[in-house]
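Subject: Model handover

Hello,

Here is the model for you to look over. Please keep it open while you read my notes.

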Amino acid sequence: MTQSLAGKVALITGASSGIGEAMARAMAAAGCKLTLAARSLDKLNALADELDCATLAVGADMTQPAEIQTMVARTIEAFGTVDVLCANAGIYIPGDFGDGDMDALARLLTINVEAVMRCAHAVIPHMRAQANGDIVVTSSIAGFSDIHWEPVYSASKNAIQTFVHTLRRQLAGDGIRVMSLAPGQVANPLWGFYEAAEIERVSQGERTHLTSEDCADALLFMLSQPAHVTIRDLVILPQNQVNV
């Protein structure tokens, strides 16, 4: 038996494109109330106009702790609570570490790791007060397989996996589920895919990539499980991804 998501308040970071945008569309269709957060407020407002649900768009830079706190505070002010946190915002930098830009790599760690922790820390008191809630972090297959052409990105996702597993155990008695959604290659802007025809070619034709909608469908599966069921890690791969 699955549980309905209708009426749930969900906060989605990185909601202006890619997986975050697909999550927003899927959760709106499931009847959720949404806070959409990202740096690009114009894109968020355009997306909010398309969704048939109560929606709050919040411009928030995940490298700025004060903006994370404001994002959560505005959600609670607008909707009264936070039932679901989708800590989805992240960036990707591949390449040889020795030739890398350390400032850019440090920023990756700030967004992919520190910001996830800050988002979770900000919503936990409210979830504890209502004795339920879901925290879902967008991880990666790189959190399970050390991928040599993306060492810092892999490190960030390995850190996230450890955080999810240990935080889950800390919060288990509070009625809060902590879960990781870990996709393989996804044909979306993060990977340089923008055109629908190209996305269809590599996902439906070559089957080397997932779509953002595949990830959103997986999120709905995780969230709709009965309250006593936690999908701790859900790894989804395109059929023909063979490099991990």
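The notes below cover the sheet, the helices on it, the helix pairs and the aromatic pairs.

First, the ground rules. This is a predicted model: local features need pLDDT of at least 70, side-chain atom pairs count only at pLDDT 80 or more, and totals for chains, interfaces and linings use all residues. Residues are numbered from 1 along each chain as its sequence is written, and side-chain values use heavy atoms, with hydrogens and water left out.

The sheet

Seven strands form an open sheet in the order 3-2-1-4-5-6-7, with parallel pairing. Strands (E, at least two residues) and helices (H or I, at least four) are DSSP runs, numbered from the N terminus. Two strands count as paired if DSSP finds at least two bridges between them. Strand 3 (55–59) and strand 7 (233–236) are the edges, each pairing on one side only. From one strand to the next, the twist averages 15°. Axes here are lines fitted to C-alpha atoms, for helices over the stretch in contact, and angles run from 0 to 180 degrees between N-to-C directions.

Strand 1 (residues 9–13) pairs with strand 2 (residues 33–38) in the parallel sense, over five bridges. T13 has A37 of strand 2 as its bridge partner.

Helices on the sheet

Helix 1 (residues 18–29) lies across strand 1, strand 2, strand 4 (84–87), strand 5 (133–138) and strand 6 (176–183). Helix 1 runs at about 165° to strand 1. Helix 4 (residues 102–130) lies across strand 1, strand 4, strand 5 and strand 6, at about 170° to strand 5.

Helix pairs

Contact below means heavy atoms within 4.5 Å. For residue classes, Ala, Val, Leu, Ile, Met, Phe, Trp, Tyr, Cys and Pro are nonpolar, Asp, Glu, Lys and Arg are charged, and the others, Gly among them, are polar. A crossing is right-handed if the near helix is turned clockwise from the far one by less than a right angle, and left-handed if anticlockwise.

Helix 3 (residues 65–79) and helix 4 have axes that come within 10 Å and cross at roughly 35°. Their crossing is right-handed. Helix 3 contributes P65, I68, Q69, M71, V72 and I76, and helix 4 contributes A115, R118, C119, A122, V123 and H126. That contact has nine nonpolar, two polar and one charged residues.

Helix 4 and helix 5 (residues 151–171) have axes within 9 Å, crossing at roughly 15°. This makes helix 4 roughly parallel to helix 5 (angles under 35 degrees are roughly parallel, over 145 roughly antiparallel, 65 to 115 roughly perpendicular, the rest oblique). The crossing of helix 4 and helix 5 is right-handed. Among the residues that meet are L105, L108 and L109 in helix 4 and V152, Y153 and S156 in helix 5. The contact divides into 15 nonpolar, two polar and two charged residues.

Helix 1 and helix 7 (residues 212–223) pack at about 50°, with axes 8 Å apart. They are therefore oblique to each other. Their crossing is right-handed.

Aromatic pairs

There are two aromatic pairs. Rings of Phe, Tyr and Trp (its six-membered ring) pair if their centres lie within 6.5 Å; planes under 30 degrees apart are stacked, over 60 edge-to-face, the rest tilted. The rings of Y92 and Y153 have centres 4.8 Å apart and planes at 85°, so this pair is edge-to-face. Y92 sits in the loop between strand 4 and helix 4, and Y153 in helix 5, 61 residues apart.

Best wishes
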